[in-house]
Amino acid sequence: MKKRVISIVLALSLFAAPVAAGAASFSDLTEFHAWAETQIEEMTTHGIIKGYTDGTFRPDQAITKTEALVLTARAAGYIADGYSSFVIQAASRFNEAVTAYDTPYPNEVSYLLYKNILDVNELGSYLASDRANYSLSRSEMALLLTRLMRAEGDLEEPDEIVLSYADSADISYAYLPYVDYVTESGLMQGVYDPEYPDSVFFKPNEPVTRAQMAVLLYRVLEKMDITVEIYDLYGGIVQDNSLSYKTTSGALKVYTVTDSVNLIIDGWYCDSVEHVQSGAKVAFFKINGEIYDVEVLNDEAYRYDGSDSESSDPSLASGSVTGTISSISITENGVSVEIDGVFYDFSSSAVVYLNSVAATAYSLRVGQNVTLVLSSGLVLTADASDASISSPDAVTRTGVISAISYTNRTVDLTYEDANGDEVTKRFSVETNATIVRAIDGRELSFDDLEEDYSIVATGVVRSGTFYVSKIVVN
C-alpha cells in the first residue's frame, strides 16, 4: 500500500509586492542620496540589505568583502521561505571548507558555493584573516553580479574585449570579461570625474558603497525574478531520469531531468537521479519562470555523501596541514610545496602570508614553517614564518593629501618617490583602518581627514594597489 504524501508548494517571488514610499526611511538619507533612495527602500523592505539599529543606513560606507557575500547570497535566493532545509544541507556540504575561515556567515558563504557563484578556490581572497574587512572593489562587484546573473558561460574572451572607459588599461585582465558584461547589460555604469568632464571611467579599484550595492542588486533583481517551488516526491524515481511528485491539487506530475538544468542531490551536482531515495523533497529553482536547478533533499537517514567521487589520496584532503616545507615545485601550472612527503598544489587565488605580511606562493622557501588550509587538496591559504624575512610587502608613504573621496574611501597623496620626484597617487583606505592624530594619539574617523593634511600612511600592496591600514596625521 502506498503511503499518502501531502505535497507542499511554495512559489516564492523575492519581489512580489510594491513598496510604499518611506517604508524603510533612514535618518541619514539626504537629498544627495535621492538617486538611490527607492532602491534602498526596496532592498531593505525585502530583507536583502538592512539598516543599523541606530536608525541609519550609512549609504556612503564602503561594503566589505564579507558583507558583499552575504548580500549576494540573499539576492540569489538564500532567504526564500521554506528553502532553509536545502540551505542547511548546502552548509553541511561545504562546512569543512568554509569553517577553515573565521566568518560569522558560514551558511551564506556555503550557499554561494552551492550555487556556483563562488568557488572554493576563491574563499581565501574574501575570508582570509582581515581580508574579510577589506572593501569590495568595483571589479570584484562586476564578477559577483555576472555570476549572480548566471552569465559566466556567455562571456567574451579577454583578448576580444574593447572597453570605452578612459581607465580601461587599469582594469585587470582577468576582470575584463566581467566588466564588459555588466557594462553591456546595464548593471554597472561608468563613473564621471569632475576633473575630466569629457571622459567616463570605470574606477576598477574603488570600493562599492552601501547605497551603490543596493542599486546594483536592485538592477539584478529587476532582470531576475527568482522563485522556488518545493514538493514532496511521490513514488520517487521513474524511468528516463525522471522524478514524480504531486501538486497541492492532487495531480501527479513527472519531471524529466535534462542536461539543460543542474541536478543537485543533497548538495552534490549529479548526472542522474540514481541517488534519490524514497521520502525525498524536490525544489525547482526558477529564474524568470525557467527551471535552472532541480534540487533534491533526501531524508536525513539516506543523505547522499558524494562517496563515489571522493578520494583517499592525502594530497586531495580538506582541512589544515602544518609542517616544514621540504621542497618546492614551480611549473607553468603554479606552485606546489612538499610537507612530510606529500605535495600540495596552490590555488591560483591562494592567500599567502609570510611573517604575517601579505605575500605570494612564489615567496615561499624550503625550511619555512607553514600552515596550509586545504579544500580537495588545493591550498586556499598559507601562513608561513621565516625569522630571516621581515615584512617584505609592508609599505609606508609620507606626504600631503591633495584630494579625498569620503564616498569611496580614497585619498590622493602627494609625496616623493624613491627617485626624489614628486608624485600623486590614489590609495584605498580600508574600512577598519586605524587613523590617529600624532600630537595626542586621539583616534579619528575617515571623515575627519581633510585636504592638505600631512600624513603617514601604512599598508600593503596587493595586485599593484596600495591598501592603507593605518594613517597617522601629523
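Arg-147 forms a salt bridge with Glu-152, and their closest N and O atoms are 3.3 Å apart. A salt bridge here is a side-chain nitrogen of Lys or Arg within 4 Å of a carboxyl oxygen of Asp or Glu. Before I continue, please note that this is a predicted model, in which local features need pLDDT of at least 70, side-chain atom pairs count only at pLDDT 80 or more, and totals for chains, interfaces and linings use all residues. Residues are numbered from 1 along each chain as its sequence is written, and side-chain values use heavy atoms, with hydrogens and water left out.

How buried or exposed are the two partners? Arg-147 counts as buried because its relative accessibility is 11%, whereas Glu-152, at 33%, is partly exposed. Buried means under 20% relative accessible area, exposed means over 50%, and partly exposed lies in between (1.4 Å probe, protein chains only).

How many salt bridges does a search of the whole structure find? The search finds 13. Another of them joins the side chains of Asp-193 and Lys-203, at 3.3 Å from N to O. This pair links distant parts of the chain, ten residues apart: Asp-193 belongs to strand 1 (residues 191-193), and Lys-203 to the loop between strand 2 (196-201) and helix 9 (210-223). Helices (H or I, at least four residues) and strands (E, at least two) are DSSP runs, numbered from the N terminus. Asp-193 and Lys-203 are both buried; for Lys-203 the relative accessibility is 11%. Lys-203 also has a positive phi of about 55°, although it is not a glycine. Most residues other than glycine have a negative phi.

A further salt bridge connects Arg-426 and Asp-412, at 2.7 Å from N to O. Here too the pair links distant parts of the chain, with Arg-426 in strand 19 and Asp-412 in strand 18 (residues 410-416), 14 residues apart. Arg-426 is partly exposed at 39% relative accessibility, while Asp-412 is buried at 12%.

I turn now to the strands. Which strands pair with strand 13 (residues 342-354)? Strand 12 (residues 334-339) pairs with strand 13 in the antiparallel sense over four bridges, and Ile-339 has Val-342 as its bridge partner. Two strands pair if DSSP finds at least two bridges between them. These two strands form a hairpin with two residues between them, and Asp-340 in the turn has a positive phi of about 55°.

Strand 14 (residues 357-359) is also antiparallel to strand 13, over three bridges, with Val-352 partnered by Ala-359. Strands 13 and 14 likewise make a hairpin with two residues between them, and Asn-355 in the turn has a positive phi of about 55°. Strand 16 (residues 378-385), by contrast, runs parallel to strand 13 and is joined to it by six bridges. Leu-354 has Ala-384 of strand 16 as its bridge partner.

One more residue deserves mention in this context. Asn-288 has a positive phi of about 55° without being a glycine. Asn-288 is found in the loop between strand 8 (281-287) and strand 9 (290-297), and counts as partly exposed because its relative accessibility is 48%.
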